[in-house]
Amino acid sequence: MSGGSLRPANGQASGQGVWCIARPSTSDQALTDNINYACGIVNCSLIQPGGSCFYPTSLMNHASVVMNLYYQKAGRHYWNCDFKNSGLTVVTDPSYGDCKYQYAL
């Protein structure tokens, strides 16, 4: 077999960013649990008043930001974005305005 190319096992293209966000169907309680868990491990100043990701002040937004921080820090394995099936990985950068979602290549 010749002419094939190697692809990363997790399916992303070389040099492509992958981010973790909260599933839109996630309950407020699960979002709160995810924020509390992630913030016990990563610096959550981005979602605090004055932080670049504080607005909009919604559980969905705040959870997505810190779930992504955790995902990036923990090694970007699909299981690092599971959060009891309340997270999903995306290849479109969810950053907005001054809120920049971290990613590692």
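**Exercise 1.** Is Tyr70 buried or exposed, judged by its relative accessible area?

*Solution.* The structure is a predicted model, in which local features need pLDDT of at least 70 and side-chain atom pairs count only at pLDDT 80 or more, while totals for chains, interfaces and linings use all residues. Residues are numbered from 1 along each chain as its sequence is written, and side-chain values use heavy atoms, with hydrogens and water left out. Buried means under 20% relative accessible area, exposed over 50%, and partly exposed in between, with a 1.4 Å probe and protein chains only. Tyr70 has a relative accessible area of 15%, so Tyr70 is buried. Tyr37, at 44% relative accessibility, counts as partly exposed.

**Exercise 2.** Describe how helix α1 and helix α2 pack.

*Solution.* Begin with the elements, which are DSSP runs numbered from the N terminus (helices H or I, at least four residues; strands E, at least two). Helix α1 spans residues 28-39 and helix α2 residues 59-74, and the two pack at an angle of about 35° with their axes 9 Å apart; axes here are lines fitted to C-alpha atoms, for helices over the stretch in contact, and angles run from 0 to 180 degrees between N-to-C directions. Turn next to the contact (heavy atoms within 4.5 Å), in which residues of α1, including Leu31, Ile35 and Tyr37, meet residues of α2, among them Ala63, Val66 and Tyr70. By class, this contact of α1 with α2 has eleven nonpolar, three polar and one charged residues, where Ala, Val, Leu, Ile, Met, Phe, Trp, Tyr, Cys and Pro count as nonpolar, Asp, Glu, Lys and Arg as charged, and the others, Gly among them, as polar.

**Exercise 3.** Work out which ring pairs link Tyr37, Tyr70 and Phe83 into a cluster.

*Solution.* Rings of Phe, Tyr and Trp (its six-membered ring) pair if their centres lie within 6.5 Å; planes under 30 degrees apart count as stacked, over 60 as edge-to-face and the rest as tilted. By this rule the count comes to six aromatic pairs. For Tyr37 and Tyr70, the ring centres are 5.4 Å apart and the planes stand at 65°, so the pair is edge-to-face. Because Tyr37 lies in helix α1 and Tyr70 in helix α2, this pair ties together parts that are 33 residues apart in sequence. Tyr70 also forms an edge-to-face pair with Phe83, at 5.5 Å centre to centre and 70° between the planes. That pair links distant parts of the chain, with Tyr70 in helix α2 and Phe83 in the loop between α2 and β2, 13 residues apart.
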